[in-house]
Amino acid sequence: GLNGRSIFYPRGKTLGGSGSINGMIAQRGQKEDYDGWAELLQDESWSWAKHRANFERLINYKAGPPTLPDGSPLGTAGPVEINRQALQWPILDQFADACEKAGIPRRTHFIDSQTEGVGYFEVTQRGGPTTPDGVGGIRLSPFRAFLAPVLDRPNLKVFTNYHAKKILFDKDEITGQVSAAGLEVWSQSPNDSMREYIRALLVDAKLVKSRKDPLVERQADELCGIKARKEIILTTGAVGSPHLLQCSGIGDDKLLRANHVDTVVDLPGVGANLHDHLQIRAVFRLDENVKTLNSIANSWVGSAKMALEYITSQSGPMAMAPSQLGVFARSSASVKTPDLQWHVQPLSLDSWEEPLHPWPGLTASVCNLRPTSRGSLELTSPDTRDPPRIDPAYLQSDQDRAVAAASMELTRRIAAQLEPGLVKGEHVPGESFSTPEELAKKAGDIGTSIFHPAGTTKMGPHGDPGAVLNSKLQVRDGTKSGIIRGLRVADCGVMPNIVSGNTNIPTYAIAEKCARMILGQD
């Protein structure tokens, strides 16, 4: 595991959810990911041949020619615009050169992880200035892409500053059929005012505490009810959806009773099967003459220039995605498709809560795209306002530890191909760690989430005791093939196995498929 450490695990509690705070990287994963789901679910509609259309309906691909090298088209009429990044860095170009020397080729399109390669990530940004390199600057969040254009629809009502307490259920006394009837929610004090925005800035500057007193905040909450006429679709993510289900009485009976929740449906898979992409950061100290974000942001002049560039033209370092350069490779010759992904950044720091290093740095974070370790998420009380207990169980399997060590060795082989004198030293993990056993242990010391939790409300075939959903994303009722009427989940938690890449666009495609199933079009 992480050798007893706790880590940062943010979620996006805002319009657009975690897609409004993510790294904006556009990736579809691999054909084999979806074919694996289809085989497991015994449902061909989840195969790449069928499910691919859901991606194409979504995207408006402008990062290059809308046709892949194999001749397959990319969507050009969807609401999710995908662009090349406008800002490039010489040090990242040099890292790409090093990848080529290490046997990893450059790629023209970077929308999936199907083949090995290195290139700049394509991103969900729209509205910034157009340059010869790409489009800069403005995040295209799920709210901007999907919701904002239709806010005037008469059949749409958006409630903000509400927190779901629990799902309400009806149960037929004769048949035992359970149906979702509505929600109990708390109406909370507005947290989207200018006052709260200023407070958030003060929190970032560490001038005030990051949290208010939760007991004081809760005293102002008012309980309300929302009745469901047809269906409730949970889209609160791989953390929020299982937590709400458990607090509503859907989950492992023993766990629920231990936390004083009456069991509606005994469904042990809720909150189980948690897995994630663990990023293992390698940090290299570079020559003092190398331009990185560290050298720019650590001077008042550089910081002021960055701010001015973004304010005036939505360009410059503040417009860039957190990770710009990507690499896909295989951990061994026995792996058929890439199982490693790097997020490479022209910056370095000890953690996201710490400032940038005072010297020029480069970070190359590698993650295992198909981990075999499985963790869990459990409620800690009947109150959804109390955070759940999250145990990602990283690096629990021998296979995951072996892949971690192999990936760290490959990072070093790539870095060794950089120009002589460019790298002054390996700051993290440190050159003294060299054997596979040492590297695997060190991975537990330095690894952290890349914020792709998945699998906690997984789909599964009839008879799978760990399945929370059927292939139509409907919540099971604990019997072999029955469902809770009027209740679905459509977020990253539904994945039986995580996709081989960033999870944002695949989650959009799941939601697209869910909508089409509700409308009877799929």
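A residue counts as buried when its relative accessible area is under 20%. Keep that cut-off in mind for the first view of this predicted model.

**View 1. Arg-488, a buried residue in strand S20.**
Arg-488 sits in strand S20, which covers residues 483-489. Its relative accessible area is 7%, so Arg-488 is buried. Look around the side chain and you will meet its contacts, leaving aside neighbours within four places in sequence. They include Glu-231, Ile-232, Ile-233 and Leu-234, then Lys-472, Leu-473, Gln-474 and Val-475, and also Cys-514, Met-517 and Ile-518.

**View 2. An open sheet of 3 strands, in the order S1-S2-S4.**
Pairing in this sheet is mixed. Strands S1 (59-61) and S4 (122-123) stand at the edges with a single partner strand each, so one side of each has no neighbour in the sheet. S1 pairs with S2 (residues 80-84) in the parallel sense, over 3 bridges.

**View 3. Helix H2 lying across S1 and S2.**

**View 4. A nonpolar surface patch of about 690 Å².**
Met-194, Tyr-197, Ile-198, Leu-201, Leu-202, Leu-207 and Val-208 make up this patch. One of them, Ile-198, belongs to helix H5, which spans residues 194-204. Is Ile-198 buried, partly exposed or exposed? Its relative accessibility is 44%, so Ile-198 counts as partly exposed.

Technical notes: Residues numbered from 1 in each chain as written. Predicted model: local features only at pLDDT ≥ 70, side-chain atom pairs only at ≥ 80, totals over all residues. Heavy atoms only, no water. Pairing = 2+ DSSP bridges. Helix = DSSP H or I, 4+ residues; strand = E, 2+ residues; numbered from the N terminus. Contact = heavy atoms within 4.5 Å. Axes fitted to C-alpha atoms, helices over the stretch in contact; angles between N-to-C directions. Patch = residues over 30% accessible without salt bridge, like charges linked within 9 Å, V, L, I, M, F, W, Y side chains within 5 Å. Areas by Shrake-Rupley, 256 points an atom, 1.4 Å probe, with all protein chains shown as cover. Salt bridge = Lys/Arg side-chain N within 4 Å of Asp/Glu carboxyl O. Buried < 20%, exposed > 50% of the residue type's maximum accessible area, 1.4 Å probe, protein only.
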